[in-house]
Amino acid sequence: MGHSERRFDRRRRTQQAHERLDAAVGDFHTQQDYRRYIARLGAFRSAMDTALGGIVWPSGWLWQPTVIAGALAADAADLDLPPALPRGADFDLCDTSVLLGALYVLEGSTLGARVLRQRAAALGFDETFGARHLALMSKDIAQWQSFLLLLDGVSDFEAERAAASANAVFAFALRCFESDRVAAV
């Protein structure tokens, strides 16, 4: 498979999981909906950002992912939500293909953050109160482009392992968004 096809291959192999997650996230039309979103995303990203913090980055990678757990914690505090408790994410991200699959999901979420940021603004949340994580995620489209260059440039890449990893991350996110065990909001 050629490098230029990797992004589209990831999209094709994760389309159903991505659609299920989008449906679970839903639209937030009220502040209560938004609070629920923050609590569930906080559980997901605190676990994933912790997993990312525990890896040794491959040599030569100048790019680093967008880490938002701290901004989400501040948003949760703004909304008087308890700190997110990381859910049981058991991801071994030491393999390059597995890591790239996981990062495809996490960095890809920055594209949707632009739309979510507008919805949050309509509810009165912005980069100074309640929507810091969305401001951080949507501030620089070049971050996503840089990730795609990395994805295309890695020579030791196994498409099956990357797809399995991406789908596992989507499944974990879905469990967080469908969970009733996330702190009551």
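**View 1. H2 and H3 run roughly antiparallel to each other (an angle over 145 degrees).** In this predicted model, local features need pLDDT of at least 70 and side-chain atom pairs count only at pLDDT 80 or more, while totals for chains, interfaces and linings use all residues. Residues are numbered from 1 along each chain as its sequence is written, and side-chain values use heavy atoms, with hydrogens and water left out. Helix H2 spans residues 31-53 and helix H3 residues 69-78; helices here are DSSP runs of H or I with at least four residues, numbered from the N terminus. The two pack at about 150 degrees, axes 9 Å apart, with axes fitted to C-alpha atoms over the stretch in contact and angles running from 0 to 180 degrees between N-to-C directions.

**View 2. Who touches whom between H2 and H3.** H2 brings Ile38, Leu41, Gly42, Arg45, Ser46 and Asp49, and H3 answers with Ala69, Leu72, Asp75 and Ala76 (contact: heavy atoms within 4.5 Å).

View 3. Ala71, Leu72, Asp75, Ala76 and Asp78 of H3 are buried (under 20% relative accessible area, 1.4 Å probe, protein chains only). Just after H3, look for Asp80, with a positive phi of about 55 degrees.

**View 4. Thr66, in the loop between H2 and H3.** Thr66 is buried, at 13% relative accessible area. Leaving aside residues up to four places away in sequence, Thr66 touches Arg45, Glu107, Thr110, Leu136, Met137 and Gln143.

Conventions. Angles under 35 degrees count as roughly parallel, over 145 as roughly antiparallel, 65 to 115 as roughly perpendicular and the rest as oblique. Buried means under 20% relative accessible area, exposed over 50%, partly exposed in between (1.4 Å probe, protein chains only).
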